[in-house]
Amino acid sequence: MKRILLTLAASAAMMASAHAANIGVSMASFDDNFLTVLRNGMEDAAKKADGVSLQVEDATSDIGKQLNQIQNFIAQKVDGIIVNPVDTDATAQMTKLATAAGIPLVYVNRQPADVEKLPEKVAFVGSDEKKSGTLQTQEVCKLLGGKGEIVVMMGDLSNQAARQRTQDVEDVIAAEPCKGIKILDKQTANWQRTQATDLMTNWISAGLKPAAVISNNDEMAIGAIQALKAAGAKDVIVAGIDATQDGLAAMKAGDLKVTVFQNAAGQGKGAIDTIQKLIKGEKTEKVVDVPFELVTPANMAQYEAKN
C-alpha cells in the first residue's frame, strides 16, 4: 500500500512539473507608474495560473541590457519569454533570438516594429495606439471649440507609442472640425514627470501661451501641470493618456481635463494568457487588442479602481 501511495505521489509530481511553465519577463523599466501596474497585472495572473512562475527583470531603459536578459533567458531554457521593449525598433533582433531557440515570445504594451510579420509562436498584446491619441485630441478639440494654440509633449521617440500618439494629434487637427488648432511646439520629455516640468517651464519662459497641453502620457501631463501652477498660468487644458492613479487624482483635483484609459492590468493578464497558449502549442491571435477608452471628469469614477 505504501509503495502504491509513493507511486501515485510521484506520478502527481511528474504531472505537475509537466504543466509547470517558467517564464522570463524583461520590463523596459521598473521606474514607471504605468509599467508597474502592467507588471503587477502579470504577476497577479501568474499566481492564479496553474504552475506558472515568473522571473522578472528590469532593463532600466537600456536596450543592451534587455538583449542580454533575453539571451540569459534562452540560456536558462525558459519555457516562454515576455518582453516590454525598451526600443521597439530593436524587436526584430529579439524575435530572431527567441525563434532560433524555439522559445515562444510575447511582446506586451509596446508594439514591436515587426508586428506585421511576427513568426509562429510570437505575438503582441497591447492596445491600438491609433486610437489613443485620436480619442485624446478629439476631446481637447471639443473643449477648445475647434481652435487654439497647443504644445505637444512626446514620450521616448524610440517607442512606437510615442511616435503614433503624436501622429494622432497631427492627424486630428489636420481635419475638420479641428483645423483651427495649431501646434506651437512639440518636444520629448521621455515619459518623465520631472523632464516634463522642465520642458513646460522652458516653454513658459520662452513666452509660449498655449491654450492646451497634449501629452503622450499622464506622467508628463502631471509635470506640465506642476510647471503651469508654479508660473501662475490658469485655464490651460492639460490632457494625458493611461488613466493612472496619479492621473485620475489630478483629474479629481480639476487639473487634468482629459486622459485615455489603457488597461495595464488587462494587458498584463493578456500577456500571461497568450504565452501559456503558445507554450502549450495552442493557436492564438498574432495581435491581441486591449481597447482604449476616453476618460473625462464625467466618467472618471468608474476607472479609479482599474489601474
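The model on the screen is predicted.

Let me start with the annotation. UniProt, in an unreviewed entry, lists residues 23-283 as "domain: Periplasmic binding protein". Over residues 23-283, the chain is 46% helix and 20% strand.

Now the sheets. Strands of a sheet pair through backbone hydrogen bonds, either parallel or antiparallel. Six strands make an open sheet here, in the order β2-β1-β3-β4-β5-β11, and the pairing is parallel. Which strands sit at the edges of this sheet? They are β2, residues 52-58, and β11, residues 287-289, and each of them pairs on one side only. From neighbour to neighbour, the strands are turned by 20° on average, with direction ignored.

β3, residues 80-83, and β4, residues 105-108, are joined in the parallel sense by three bridges. If you want a landmark there, valine 83 stands opposite tyrosine 107 of β4.

Helices pack on this sheet. Helix α2, residues 33-48, touches β1 (21-27), β2, β3 and β4, and its direction makes about 160° with that of β2. Helix α4, residues 91-101, touches β3, β4 and β5 (122-126), at about 155° to the direction of β4.

Helix α4 also has a helix partner. Two packed helices are described by the angle between their axes and the distance between the axes. For α3 and α4, the axes come within 10 Å and cross at roughly 5°. Angles under 35 degrees count as roughly parallel, and α3 and α4 are therefore roughly parallel to each other. On the α3 side, the residues in contact are Ile63, Gln66, Leu67, Ile70, Gln71 and Ile74; on the α4 side, they are Gln93, Met94, Leu97, Ala98 and Ala101. By class, that contact has eight nonpolar residues, three polar and no charged.

Serine 61 lies in the loop between β2 and α3, which covers residues 63-75. The phi of serine 61 is near 60°, a positive value in a residue other than glycine.

On to the other sheet. Four strands form an open sheet with parallel pairing, in the order β7-β6-β8-β9. The edges are β7 (180-188) and β9 (237-239); each has a single partner strand, so one side of each is left without a neighbour in the sheet. The average twist from one strand to the next is 20°.

Within this sheet, β6, residues 147-154, runs parallel to β7 and is joined to it by eight bridges. Isoleucine 150 has isoleucine 183 of β7 as its bridge partner. Helix α7, residues 193-205, lies across β6, β7 and β8 (212-215), at about 140° to β6.

How do α5 and α6 cross? The axes of α5 (129-144) and α6 (160-173) come within 8 Å, at a crossing angle of roughly 45°, and the two helices are therefore oblique to each other. The crossing of α5 and α6 is right-handed. The contact includes Glu129, Lys130 and Lys131 from α5, and Arg165, Asp168 and Val169 from α6. Sorted by class, the contact of α5 with α6 has four nonpolar, eight polar and five charged residues.

Proline 177 is in the loop between α6 and β7.

Last pair. Helix α8, residues 218-230, and helix α9, residues 245-252, have axes that come within 9 Å and cross at roughly 40°. That makes α8 oblique to α9. The crossing of α8 and α9 is left-handed. Asp218, Glu219, Ile222 and Ile225 of α8 meet Asp246, Gly247 and Ala250 of α9. That contact divides into three nonpolar, one polar and three charged residues.

That is what I have.

Methods: Residues numbered from 1 in each chain as written. Predicted model: local features only at pLDDT ≥ 70, side-chain atom pairs only at ≥ 80, totals over all residues. Heavy atoms only, no water. Axes fitted to C-alpha atoms, helices over the stretch in contact; angles between N-to-C directions. Parallel < 35°, antiparallel > 145°, perpendicular 65-115°, else oblique. Left-handed = near helix turned anticlockwise from the far one by under 90°. Contact = heavy atoms within 4.5 Å. Nonpolar A, V, L, I, M, F, W, Y, C, P; charged D, E, K, R; others polar. UniProt positions renumbered as here; feature names shortened; annotations may be inferred. Pairing = 2+ DSSP bridges.
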